[in-house]
2 protein chains.
Amino acid sequence: MTSVKSHISISLDGFVAGPNQSLENPIGEGGMRLHEWAFETDSWREQHGMEGGDPSADAEVADEVVQSVGAYIMGRNMFGGGHGPWDESWRGWWGEDPPFHTPVFVLTHHPREALAMQGDTTFTFVTDGIEAALGQARAAAGDGDVMIAGGASAVQQYLRAGLLDELYLHIVPIVLGSGARLLENVGDPSLEPIKVVASPAVTHVKYRVVR
Amino acid sequence: MTSVKSHISISLDGFVAGPNQSLENPIGEGGMRLHEWAFETDSWREQHGMEGGDPSADAEVADEVVQSVGAYIMGRNMFGGGHGPWDESWRGWWGEDPPFHTPVFVLTHHPREALAMQGDTTFTFVTDGIEAALGQARAAAGDGDVMIAGGASAVQQYLRAGLLDELYLHIVPIVLGSGARLLENVGDPSLEPIKVVASPAVTHVKYRVVR
């Protein structure tokens with residue numbers, strides 16, 4: 001049975017990106033600090049074609065979150081390329097061999113032909129809403145899970161709509177002060193912590209969304 | 001060596017009290033949901049003169065957070081009794097035998113004579129600021145620690161001033177949506193998770209504040 005999941009790094013004060021997000025600084029000022037824990041791990045580095053890193057509790061989490069994924073869904077901002085109609089020279093932040101290796105469905109208001117990238121990543125642009133995107137992602141995922149990759153708005157929309165089964169937060173011990181909040185405009189979901197992984201760098205808490 | 005500590009229950013979206021705090025509802029609408037995990041424990045119930053409850057991982061935390069305390073500091077709102085000059089008939093929310101059993105220093109702009117309660121709790125009203133209150137609390141605590149009891153503003157002030165050594169968050173898997181935030185106007189403290197206790201109800205993470 002396909003689960004709909006999300007995992008995301010969040011500051012202790014609730015931000016998943018810093019202030020003043022831009023093309024030059026897509027996760028906002030200070031936002032990169034949210035992800036440093038992953039950059040240190042051997043598993044994340046391997047996923048991104050890099051050598052080195054450490055086999056740690058954090059590395060096991062970075063591995064776990066990609067294991068069962070059959071398809072991704074992401075918001076337009078996460079795919080990037082600015083607002084409005086597409087500049088078709090923009091093919092995502094990740095180069096010609098993106099680290100997804102599955103179908104990826106991009107939520108957008110502007111139609112665009114699908115992109116087949118190297119390494120089995122495809123980007124399909126969905127203009128008819130989050131439920132349509134989820135239907136396509138479920139079909140593409142086969143026995144795998146659907147991962148809502150981000151950003152904040154995409155996760156919020158699926159959580160608010162009652163379509164998310166699991167939310168795995170990587171709680172980073174920093175205070176960003178401003179930026180994009182994850183848990184606003186999501187209603188009052190019932191969440192149950194089902195797994196906790198502690199490391200010196202970050203506290204990973206996986207929540208089941210109770211129906 | 002006396003440490004300066006705080007422990008506080010916080011919603012997943014960062015609130016330590018719900019909206020519309022009032023004399024009738026001092027922790028705001030929905031705010032009581034932050035504390036239900038403690039009410040279930042045998043240790044919290046014993047501290048408050050009640051029977052029953054469960055000996056759980058949460059109970060060990062509820063016991064741990066009172067063990068080494070030599071003195072408390074709290075904000076005026078937490079002591080209660082409204083704003084402005086004191087109505088001296090107000091002797092706190094807790095009756096004549098409050099659950100502190102140590103000296104308690106109340107931050108206020110309005111002078112008042114100290115109150116000696118039953119069970120070795122004393123309330124001393126400090127009008128000359130957080131550092132003065134901490135000096136008095138350190139002196140009173142002896143070999144014990146000073147616990148900043150709350151509310152949000154008192155914890156914020158000590159954290160921002162670099163006077164807090166440990167912050168123990170009880171992260172409750174609820175979304176309050178609005179209310180009093182803990183981690184705003186606190187600057188950019190360096191925090192290091194040093195202990196994590198996981199339970200089905202709440203995730204307890206103790207942070208050391210790094211100087």
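## Contact between chains A and B

A polar contact is a pair of N or O atoms within 3.5 Å; within protein, one atom must be able to donate a hydrogen and the other to accept it, and residues adjacent in sequence count only if both atoms are side-chain atoms. In this predicted model, two residue pairs are in polar contact across the interface of chain A and chain B, both at pLDDT 80 or more. On the side of chain A that touches chain B, β8 (166–172), β10 (190–198) and β11 (203–210) of chain A each supply at least two residues. The most comes from β10(A), with four residues.

Chain A puts 23 residues into the contact, and chain B puts in 23 residues. The size of an interface is often given as the accessible area lost when the parts come together. For chain A and chain B the buried area is about 2,000 Å², and carbon and sulfur atoms give 63% of that area. Two salt bridges cross the interface of chain A and chain B. A:D188 and B:R33 form a salt bridge through their side chains, with an N to O distance of 3.4 Å.

## Salt bridges within chain A

Over all chains the structure holds 18 salt bridges. A:K206 and A:E166 are joined by a side-chain salt bridge of 3.8 Å, N to O. This pair links distant parts of the chain, with A:K206 in strand β11 of chain A and A:E166 in strand β8 of chain A, 40 residues apart. A:K206 has a relative accessibility of 11% and therefore counts as buried. A:E166 also counts as buried, because its relative accessibility is 16%. Both residues belong to a network of salt bridges that links A:K5, A:E64, A:D145, A:E166, A:K195 and A:K206.

Another salt bridge joins the side chains of A:E192 and A:R208 at 2.8 Å, N to O. Because A:E192 lies in strand β10 of chain A and A:R208 in strand β11 of chain A, this pair ties together parts that are 16 residues apart in sequence. A:E192 is partly exposed, with a relative accessible area of 28%, and A:R208 is partly exposed at 36%. The side chains of A:E96 and A:R91 meet in a salt bridge of 2.9 Å, N to O. Here too the residues are partly exposed: A:E96 has 38% relative accessibility, and A:R91 has a relative accessible area of 29%.

## The sheet of chain B

Chain B contains an open sheet of nine strands with mixed pairing, in the order β5-β6-β4-β3-β7-β1-β8-β11-β10. Its edges are β5 (115–116) and β10 (190–198) of chain B, each of which pairs on one side only. Strands of a sheet pair through backbone hydrogen bonds, either parallel or antiparallel.

Strand β1(B) pairs with β7(B) in the parallel sense over three bridges; B:V4 has B:V146 in β7(B) as its bridge partner. β1(B) also runs parallel to β8(B), to which seven bridges join it. There, B:S9 is partnered by B:H170 of β8(B). Seven of the eight residues of β1(B) are buried, so this strand is largely enclosed by the rest of the structure.

## Helices across the sheet

Helix α3 (residues 57–67) of chain B lies across β1 (4–11), β3 (69–75), β7 (145–150), β8 (166–172), β10 and β11 of chain B. The helix runs at about 150 degrees to β8(B).

Helix α6 (residues 152–160) of chain B lies across β1, β3, β4 (103–107), β7, β8 and β11 of chain B, at about 135 degrees to β7(B). The buried residues in α6(B) are B:A152, B:A154, B:V155, B:Q156, B:Y158 and B:L159. An α-helix has 3.6 residues a turn, so residues three or four places apart point the same way. Just after α6(B), B:G162 has a positive phi of about 75 degrees.

Notes: Residues are numbered from 1 along each chain as its sequence is written. Chains are lettered from A and ligands numbered from 1 in the order in which they are written. This is a predicted model: local features need pLDDT of at least 70, side-chain atom pairs count only at pLDDT 80 or more; totals for chains, interfaces and linings use all residues. Side-chain values use heavy atoms; hydrogens and water are left out. Two strands pair if DSSP finds at least two bridges between them. Contact means heavy atoms within 4.5 Å. Axes are lines fitted to C-alpha atoms, for helices over the stretch in contact, and angles run from 0 to 180 degrees between N-to-C directions. Buried means under 20% relative accessible area, exposed over 50%, partly exposed in between (1.4 Å probe, protein chains only). Buried area is the accessible area (1.4 Å probe) that two parts lose on being put together, summed over both. A salt bridge is a side-chain nitrogen of Lys or Arg within 4 Å of a carboxyl oxygen of Asp or Glu.
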